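Colleague: I am new to this structure and would like to learn how to read a few of its features. Please start with helix packing.

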Amino acid sequence: MATRSRTNNLLLALASTIGFGVLANVGDVGAQQLTHKQMITSLGRLDAAAPEVDIALLMEQANANVGNGVTQLPDWSRLAKLSQLVVEINFENNSIAIEPDSYRALGLIADALHHPDLFRYKFLVVGHTSSTGNPKHNLELSQQRADAIREVLATTFAVSPDRLYSIGVGQEWPIDSANPANAVNRRVQLINLGLVK
């Protein structure tokens with residue numbers, strides 16, 4: 001692991017209908033700091049009702065496929081069709097402690113989630129790592145980091161915990177699959193799971 005998992009807070013917008021192939025090229029698009037409006041638009045781009053996502057099943061599949069990837073699994077590939085953002089959050093090395101410089105990004109996310117256009121939706125926080133380190137440890141760390149982000153959004157930024165779910169996928173869903181150790185693969189995704197029932 002590097003001394004810091006991130007050096008900057010970067011937000012990359014992803015269209016609602018992109019697939020894994022496009023995700024692999026997201027680093028080529030170039031980082032851009034999104035505006036509040038762009039974040040809301042990216043997360044709220046729903047062309048149809050979001051499919052039901054069984055988070056417990058996703059977790060079970062991630063645990064059963066450590067080292068083998070999840071992008072080819074039907075349940076995981078459904079997530080790529082949903083509105084989402086890729087967010088760069090800094091953590092202390094091999095830790096779930098969020099670096100102070102990432103709280104601004106989390107605050108921007110929380111502002112977007114409080115916006116009336118997104119207030120009715122629930123979201124999945126997905127933690128990712130690069131392939132540096134042990135795959136099983138990476139999976140556990142990514143889950144703990146996704147849980148930490150959910151906790152901060154709920155407690156520090158007052159986003160209802162009923163709207164937030166978290167899951168870690170470790171190194172199993174890289175953006176840069178040709179170079180799984182690339183730091184760009186360390187990231188957090190925020191995915192719109194559809195309306196809160």
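Modeller: Axes are lines fitted to C-alpha atoms, for helices over the stretch in contact, and angles run from 0 to 180 degrees between N-to-C directions. Helices (H or I, at least four residues) and strands (E, at least two) are DSSP runs, numbered from the N terminus. This is a predicted model, where local features need pLDDT of at least 70, side-chain atom pairs count only at pLDDT 80 or more, and totals for chains, interfaces and linings use all residues. Residues are numbered from 1 along each chain as its sequence is written, and side-chain values use heavy atoms, with hydrogens and water left out.

Colleague: At what angle do H6 and H7 pack, and how far apart are their axes?

Modeller: The angle is about 65°, and the axes of H6 and H7 are 10 Å apart. Contact means heavy atoms within 4.5 Å. Tyr103, Leu106, Ile109 and Ala110 of H6 meet Ile149, Val152 and Leu153 of H7.

Colleague: How is a pair of aromatic rings described?

Modeller: By the distance of the centres and the angle of the planes. Rings of Phe, Tyr and Trp (its six-membered ring) pair if their centres lie within 6.5 Å; planes under 30 degrees apart count as stacked, over 60 as edge-to-face and the rest as tilted. The whole structure has 1 aromatic pair. Trp76 and Trp173 are edge-to-face, at 6.0 Å centre to centre with 80° between the planes.

Colleague: Which parts does the pair tie together?

Modeller: Trp76 lies in helix H5 (residues 74-77) and Trp173 in the loop between strand E4 (164-168) and E5, so the pair links parts that are 97 residues apart in sequence.
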